[in-house]
Amino acid sequence: IVARESRGLTQTALAQRIGVGQGTISKAEHAQDALVDVADSLVGGYSTHLNYPLAFFAEPLRYHDLPVTFHRKLKTTPVSTVRAIRANANISRLHLRKLLVAVETLPVLVEPIDLSDHGGQPEAVAKEFRIRWHVPPGPIHNLTALLEGAGVVITRCDFGTRQVDGLGLYDRSDETPPLILLNPNIPCDRARYTLAHELAHLVLHNHLPLPPTECEAQADRFAAELLMPAKDILGFLGALTLERLATLKQTWKVSMAALLKRAQDLGTIAKG
């Protein structure tokens with residue numbers, strides 16, 4: 001299922017390529033009846049037409065669905081695209097587990113936080129993380145290095161759509177560290193903001209059975225405070241012009257749109 005969905009194919013489409021009935025594909029993917037006796041030949045068809053080595057189909061794969069927070073941002077995305085993203089996320093986790101066998105991993109410093117313990121304020125959590133991770137005042141020089149030093153694994157993943165910038169996965173019940181997948185087609189400043197946004201989901205939401213409806217707004221507030229702390233950036237956001245925004249973008253390593261939104265939220269310019 002993961003191999004087929006990662007290529008964006010339906011059971012019917014794959015059956016036509018292999019030259020079998022759709023029912024045969026369905027039974028194979030659900031291990032029904034006596035079809036397991038002829039599975040080798042069918043898996044050969046999967047391997048050939050999906051371009052995966054035969055060994056891939058013998059891998060133990062602990063399947064994970066996408067976080068609820070991720071499903072909420074994909075309301076207008078085609079079902080086939082969502083399935084492909086889910087499949088490729090599972091494959092990335094499989095690759096990660098195999099690669100980590102050969103290395104000594106860092107302690108994971110990303111733990112779930114109850115927002116109610118911080119007055120329901122994502123900004124308070126972001127401030128706490130900067131203190132925990134000994135981040136000096138001002139812009140974060142290298143957010144990727146900071147997260148990787150906290151045990152987060154970051155890699156690129158082509159989601160097959162520009163609607164998705166990133167995805168954060170962390171199941172504390174298995175041995176895989178927190179994983180953030182980034183769309184390779186987004187600019188650096190957007191990737192940086194996406195890292196902060198997905199970190200917020202890992203910390204605040206992904207452990208919850210049903211995250212709040214405002215989880216996306218909470219993640220944005222966390223990301224803004226982590227990357228642009230109010231007490232550090234407030235004095236830079238007065239009398240903004242395009243030239244000044246361009247200069248601030250180089251300093252704070254976020255987009256001009258993010259800076260403008262931060263200025264609005266902190267009340268240095270009027271909204272609207």
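## Terms and basis

Contact means that heavy atoms lie within 4.5 Å. Helices (H or I, at least four residues) and strands (E, at least two) are DSSP runs, numbered from the N terminus.

The model is predicted: local features need pLDDT of at least 70, side-chain atom pairs count only at pLDDT 80 or more, and totals for chains, interfaces and linings use all residues. Residues are numbered from 1 along each chain as its sequence is written, and side-chain values use heavy atoms, with hydrogens and water left out.

## Overall features

The protein contains 13 helices and 3 strands. Its C-alpha trace spans about 70 × 40 × 30 Å along the principal axes. Of the 272 residues in the protein, 46% are buried, where buried means under 20% relative accessible area (1.4 Å probe, protein chains only). Among contacts between residues at least 6 apart in sequence, 64% join residues at least 24 apart.

The accessible surface of the protein comes to about 13900 Å², and carbon and sulfur atoms account for 56% of this; the areas come from the Shrake-Rupley method with a 1.4 Å probe. The mean positions of the 29 positive and 28 negative charges are 5 Å apart. Lys and Arg count as positive and Asp and Glu as negative, while His and the chain ends are not counted. Each charge is placed at NZ of Lys, CZ of Arg, CG of Asp or CD of Glu.

## Helix α7

Helix α7 covers residues 122-132, and its buried residues are P122, E123, V125, A126, F129 and R130. Seen down the axis of α7, these buried residues fall within an arc of 160°, so they line one face of the helix. The arc is that of the directions from the helix axis to the C-beta atoms. An α-helix has 3.6 residues a turn, so residues three or four places apart point the same way.

The buried residues of α7 pack against α9 (188-204), α10 (215-227) and α11 (230-233). After α7 comes H134, which has a positive phi, near 55°.

## Strands β2 and β3

Strand β2 (residues 166-169) is covered on both faces: G166 and G168 are buried on one side, and L167 and L169 on the other. Strand β3 (residues 179-182) pairs with β2 in the antiparallel sense over 4 bridges; two strands pair if DSSP finds at least two bridges between them. Opposite L169 stands L179 of β3.

## Residue Q11

Q11 lies in helix α2 (residues 11-18). The residue is buried, with a relative accessible area of 16%. Apart from neighbours within four places in sequence, Q11 is in contact with R4, Q22, I25, S26, E29 and H30.

Key
Buried means under 20% relative accessible area, exposed over 50%, partly exposed in between (1.4 Å probe, protein chains only).
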